[in-house]
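Welcome! Take a look at the protein below, and then we will walk through a few of its parts together.

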Amino acid sequence: MTAPAFESAFRPDWPLDVRRTLGVHLRGAGDPTLRFEADGTWRGTTTPEGAATVRITVGAGEVRIAAWGPGAEWAGRRVPAWLGAEDDAAALDCGGHPLLSRLQRTTPWLRLGRTERTWDALVPAVLEQKVTTIEAHRVWRALLRLAGEPAPGPAPEGMRVPPSPRRLLDVTDWEWHRCGLDGARRRALRAVTTVAARMEPPEAVDPADLRRRLTTVPGIGRWTAAEVVQRVFGCPDTVSYGDFHLKNQVGFALTGAVRTDDDTMMALLAPWTGQRHRVVRLLLVNGMARAPRFGPRNAPTDHRRI
């Protein structure tokens, strides 16, 4: 095996669960940027220095980090933050709410990680706009096969790193069509490539600043900005307003109502302002937000056939 360009280790002071913590970055079971293998967790990422592959292994209470590629040191040094080392889970005061108090006690592993890398979260978030999750994940895999960079080092076969903004601009309309991407999301992606550098920390200094910058880009709305901010900064308060299912899931978990709108969801979460996203995560990871669904399933539109 090729020697890593960067190696490090640390001992978390909380009951770390690597798979469930990094699972928020996984876009479907076949996502080639993140693999959970017997020899560790592998992730391919872009960095300001170039592509990187990171392997995370855990044993005897120690997290060991190895990284390859031009961006190895940049990515490797941020792995503790990916895993939630900079998150303050105790900041959530449940205020005596019986359900949330119980979930907080029984979910000690929950940490909100931060990647400090906007681009890697922004591209798949744009692909997920106004389509089914299944369709978005299929397009993500197709895009990575077409334009993604092979993950550096001894990564598992087929792993990729998200394409750079420059590479996305080089993708032709015909190639986009073959990936199954419609015109609206295509235009949004092209728009973000032109301003990508201004969306990265430290240029974007905090969650509010990044949200503001993102929503000035044509085709990027409140939902997409929230999905990105949650991952880039590990923001405990940014809620995915406008999500097709989330409002009903939160409403059902907190009140038993099977139908809730976004404004009502935000009103229900208002007692925990500052920690609203953490509350949502507690509900979701514990399966408390399974609102009944009515009507036929939406059939994905295959834009490759149009």
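Buried means under 20% relative accessible area, exposed means over 50%, and partly exposed is in between (1.4 Å probe, protein chains only). This is a predicted model, where local features need pLDDT of at least 70 and side-chain atom pairs count only at pLDDT 80 or more, while totals for chains, interfaces and linings use all residues. Residues are numbered from 1 along each chain as its sequence is written, and side-chain values use heavy atoms, with hydrogens and water left out.

**Helix H14**
- Eight of the ten residues of helix H14 (residues 276-285) are buried, so this helix is largely enclosed by the rest of the structure. (Helices are DSSP runs of H or I with at least four residues, numbered from the N terminus.)
- Among the buried residues of H14 are Arg276, His277 and Leu283.
- Their cover includes helix H1 (18-22), helix H4 (98-106) and helix H11 (222-233).
- Just after H14, Gly287 has a positive phi of about 70°.

**Asp237**
- Asp237 sits in the loop between H11 and H12, and at 17% relative accessibility it counts as buried.
- A polar atom of the Asp237 side chain lies 2.6 Å from the backbone nitrogen of Gly274.
- For the backbone nitrogen of Gln275, the distance to a polar atom of the Asp237 side chain is 3.2 Å.
- Beyond its neighbours within four places in sequence, Asp237 is in contact (heavy atoms within 4.5 Å) with residues including Trp272, Arg276 and His277.

Note on methods:
Helix = DSSP H or I, 4+ residues; strand = E, 2+ residues; numbered from the N terminus. Polar contact = N/O pair within 3.5 Å; in protein donor to acceptor, adjacent residues only side chain to side chain.
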